[in-house]
Amino acid sequence: MRFLKKAWEWFDARTDASKVVGPLMRHPVPPGGRYSGWMYIFGSATLFAFLIQVFTGIALATAYVSSAGQAFESLQWITNEAFLGRVLRGMHYFGASAMVLLVGIHMIRTFLTGSYKFPRELNWVVGVLLLGLTVLMGFTGQLLRWDQNGVWSTIVAAEQAGRVPIVGPWLARFIMGGQTVGGATLSRFFAYHVFFIPAIIFAMVGLHLVLVLRHGISEKPSASRPVDSKTYRAWYEDMLKREGVPFWPDAAWRDVVFGFLVVASVIFLAWRVGPPALTTPPDPTIIQAYPRPDWYLLWYFAVLAQMPPTAENFVIIGAPLLAGVCLLILPLIFSTGQRAPSRRPWAVASIALIVVMVGTLWIQGERSPWSPDFDPRPLPASVVQAATPEIAGGARFFETKGCQYCHAISGSGGQRGPDLTTVGDRLSPQLITLRILNGGHNMPPFASTLKPDEVTALVAFLQSRKTPP
Amino acid sequence: MADSQQDCQGRRRFLARLSVALGSLATALIALPVIGFLLAPLFESIARKWRPVGALQDFENGQTVAVKFEDASPVPWAGVTGQTAAWLRREPNGEFVAFAINCTHLGCPVRWVEAAELFMCPCHGGVYNRDGTVAAGPPPRPLVRYPVRVSDGQVEILAGPTPIT
């Protein structure tokens, strides 16, 4: 112990580390109330999650092979054979999930308490850029799994970039690293995920922290004290002199406690739940693929499925651009005035609206009712209840001719089209025939693929689908 | 004394400008090859190559089957990702039509549902008729077609870039 103390004193005498770091750690911050002190923990927790990503990412990179031909096999080895490999991959996945979740909560808190206002406008702008970089890290990380989902997600991303006017095809080629998704694609995504984006994140986090130190942590908002750019700095300095407490340990202990809970939760989930399963190998010739984004982009997946075709390009290109611009200019437009949520009903309402919208879309993305069910459960005899051979034949055609991919009967089948459990109650045989032959309402016509006797049997079967007496 | 101070300031101004100019030049000299290397794929000419997909007698009239073939521009380390696929349909009159497997909505792989004679996309529910025209869902245009030829008894597809629609 004495040796360590002497070693530290020797080191400190030559570096002045304690003189540099000490004042930073003990800089005065507004006093945190019993409850309000906990509203500041989400920024530091995001940083803890980022550090989990850095350390687990470095460890994973020692075994991951960033070659399109071997990446999948190397990940399988890491997951199934390497010592603690499964836990490490799980930590990287749940660390990413925590980072996305926490950066979102941190932004909502900052917005609701008006902490983006003078003089902290640039902090908000840097935070918005960090949010974008976090999402980019999540997306590129998902592709590095380099299973079938990763390969097809790259194509989906390239297709979306291809919608950008004029430069779209170039952007798509840049994303693929060439004219097709192949060897060059993965190497590039590896470089983006491991070098480019983290380097920018490090720089941005550094700037974010410098600005926090420069302008101080925002105090608890008060309805009686709107922000005035002429007087705020002097008032804030005065308040710190009167009531300020040292950041370490008076405020930092909450960050450490919550940060510890985040780290412990990530490790627990990695151990109990494990990393996302690797799907089939990244062979583009395996057509039975169903690419879906990780949970944090599932809401956007739902947007892409449900928007009207005429609005598609605007939603794909314009909406993210518009959202980004709105977030970036927000503190420039509303830089002063009220910070208290109780006096900013529109701010509270807009957050509630966004949370409800994203939540609803997220549930829809999870259910994906627009996707055909390519592997539906066969209709049990108790459901078919074939009173005639024709009805039995119709049930068979319903299963084999692809009707069941989109229509469910008594819970068996897709949700893309209307549920036909009681279709006999609402449509006459003539209308059912018309709908089968001509299609309509987003259903393809089957006039050229079904024989007359098949149509007759199908109509008889569907007509028999009625509410039990 | 004043002259000396003026000389000194002039020298400092010159040295500052020299340092900024040389620093900028050095940065540009490093950045140019890096940016050029990263952007090179954007300026490569489009690669198109005829790839064999099977013998003529392997394909029955009226059938639509998935065929695999080598990508038009594979890199040596591509592994399985150097392969690609298409839906090849032999019409009742013996002619061939090849469709890209990518949905024109957002590029997901469409599946051929033989019984319904439809191509269906698992992602967002796009549906195409057997001739590749849009039957339902969000796709804005028909499935992309590849040129097909028969050469020395082999059916060949003109492989090209991933279709970005």
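**View 1. An open sheet of three strands in chain B of the predicted model.** The strands follow the order S1-S11-S10, and their pairing is antiparallel. Strand S1 (49-55) and strand S10 (148-151) of chain B lie at the edges with a single partner strand each, so one side of each has no neighbour in the sheet. On average, neighbouring strands of this sheet are turned by 35 degrees against each other, direction ignored.

**View 2. The pairing of S1(B) with S11(B).** Strand S11 (residues 154-159) of chain B runs antiparallel to S1(B), and six bridges join the two. B:Gly54 stands opposite B:Val155, a residue of S11(B).

**View 3. The contact between chain B and chain A.** Chain B gives 58 residues to this contact and chain A gives 57 residues. Between them the two chains bury about 4800 Å², with 64% of that area on carbon and sulfur atoms. In chain B, the most area is lost to chain A by B:Leu42, B:Leu106 and B:Arg111, which together make up 14% of what that side buries.

**View 4. Polar contacts and the chain B side of the interface.** The rule finds 16 residue pairs in polar contact across the interface of chain B and chain A, both residues at pLDDT 80 or more. For salt bridges across this interface, the rule finds zero. Among the elements of chain B that give two or more residues to the side touching chain A are helix H1 (2-43), strand S2 (64-70) and strand S3 (83-90). H1(B) supplies the largest share of that side, six residues. By type, the residues of the chain B side are 35 nonpolar, 17 polar and six charged.

Key:
Residues numbered from 1 in each chain as written. Chains lettered and ligands numbered in written order. Predicted model: local features only at pLDDT ≥ 70, side-chain atom pairs only at ≥ 80, totals over all residues. Heavy atoms only, no water. Contact = heavy atoms within 4.5 Å. Buried area = accessible area lost by both parts, 1.4 Å probe. Salt bridge = Lys/Arg side-chain N within 4 Å of Asp/Glu carboxyl O. Polar contact = N/O pair within 3.5 Å; in protein donor to acceptor, adjacent residues only side chain to side chain. Helix = DSSP H or I, 4+ residues; strand = E, 2+ residues; numbered from the N terminus. Nonpolar A, V, L, I, M, F, W, Y, C, P; charged D, E, K, R; others polar. Pairing = 2+ DSSP bridges. Axes fitted to C-alpha atoms, helices over the stretch in contact; angles between N-to-C directions.
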